[in-house]
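Student: I have just opened a structure that is new to me. Could you help me learn to read it, one feature at a time?

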Amino acid sequence: MCRWLCVCPPMLLDETPLFEPSLLEELDWAASAVSFSPPITPTQPGEGLVLRPLCTADFNRGYYKVLSELTVAGEVTPEQFIKNFEHMKMSGDYYVVVVEDTQVGQIVATATLIIEHKFIHSCAKRGRVEEVVVSSTCRGKQLGKLLVSTLTLLSKKLQCYKITLECAKTNVEFYKKFGYSVSEESYMQCRFFD
């Protein structure tokens with residue numbers, strides 16, 4: 001009996017971006033609804049900081065540590081992370097941005113823009129902001145404002161007819177600064193797992 005060994009290439013945690021980084025460089029920052037003091041932009045988020053698309057190497061740069069400051073991130077293996085990353089990259093509808101503190105090589109903030117394709121509004125696209133979180137060690141550096149501004153401008157660049165998000169009532173005033181308004185619709189859910 002002959003047994004064949006499957007020699008599969010190892011899954012690599014590398015610097016391949018989830019989406020084309022030039023999308024962030026090409027944003028019309030003059031169209032931002034908020035101002036920053038001191039001034040920061042996606043290309044200049046602060047000393048030692050870089051705003052960029054998520055890459056698989058961020059798994060080892062504390063990406064899940066930052067996410068766990070928002071919600072239960074769960075136990076995830078590098079293989080699970082890479083599989084999900086590759087699915088998101090292939091779909092072309094996920095834009096996860098991170099802020100890396102290059103001085104310590106750690107992710108200190110992240111947010112996600114998901115594009116939904118609709119049949120309504122002449123087959124338009126809708127943007128949805130998810131998982132906006134800044135590490136407790138970096139709050140007060142305008143990174144939350146930078147992330148939301150970046151994703152809002154990116155959704156406009158990607159020609160979404162609208163962008164939405166869910167937030168706690170305590171965060172409503174923060175999001176109003178970016179042009180978001182409270183919808184008459186109620187957010188409802190049917191949770192299957194915690």
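Student: Which helix and which strand each supply at least two residues of the lining of the second largest pocket?

Tutor: Before we start, keep in mind that this is a predicted model. Now the general idea: rolling a probe the size of a water molecule over the atoms shows where empty space is left. In this structure, helix H2 (63-67) and strand S3 (106-117) each supply at least two residues of that lining. S3 gives the most, with 3 residues.

Student: How many residues line the second largest pocket, and which are the closest to its centre?

Tutor: The space in this pocket comes to about 160 Å³. Its lining has 13 residues, and Lys 65, Ile 107, Val 108, Ser 135 and Thr 137 are the closest to the centre. Sorted by class, the lining holds 5 nonpolar, 4 polar and 4 charged residues.

Student: Let me try a single residue. Is Glu 100 buried or exposed?

Tutor: The cut-off you need is that buried means under 20% relative accessible area. Glu 100 has 11%, so this residue is buried. You will find Glu 100 in strand S2 (residues 94-101).

Student: With which side chain does the side chain of Glu 100 make a polar contact?

Tutor: Its partner is the side chain of Arg 52, at 3.0 Å. Leaving out residues up to four places away in sequence, Glu 100 also touches others, including Gly 48, Leu 49, Val 50, Arg 61 and Ile 107.

Student: Now a helix. What span should the 15 residues of helix H5 have?

Tutor: Count 1.5 Å a residue, remembering that the expected span uses one less than the number of residues. For H5 (residues 143-157) that gives 21 Å, and the end C-alpha atoms are 21 Å apart, so the two values agree. After H5 comes Gln 159, whose phi is positive, near 65°.

Student: How many of the residues of H5 are buried?

Tutor: The helix is mostly covered, with 13 of its 15 residues buried. Take Leu 151, which lies in H5. Leu 151 counts as buried because its relative accessibility is 0%.

Student: What is Leu 151 in contact with, leaving aside its neighbours within four places in sequence?

Tutor: Its contacts are Tyr 95, Val 97, Ala 111, Thr 112, Leu 113, Val 129 and Ile 163. Look at Ile 163 in particular: it is 12 residues from Leu 151 along the chain, and their C-alpha atoms are separated by 9.2 Å.

Technical notes: Residues numbered from 1 in each chain as written. Predicted model: local features only at pLDDT ≥ 70, side-chain atom pairs only at ≥ 80, totals over all residues. Heavy atoms only, no water. Helix = DSSP H or I, 4+ residues; strand = E, 2+ residues; numbered from the N terminus. Buried < 20%, exposed > 50% of the residue type's maximum accessible area, 1.4 Å probe, protein only. Polar contact = N/O pair within 3.5 Å; in protein donor to acceptor, adjacent residues only side chain to side chain. Contact = heavy atoms within 4.5 Å. 1 Å grid on protein atoms, 1.4 Å probe; cavity = no way out; pocket = protein on both sides within 12 Å on 5 of 7 lines; lining within 4 Å. Points joined across faces, edges and corners; volume = space filled by probe spheres on them. Nonpolar A, V, L, I, M, F, W, Y, C, P; charged D, E, K, R; others polar.
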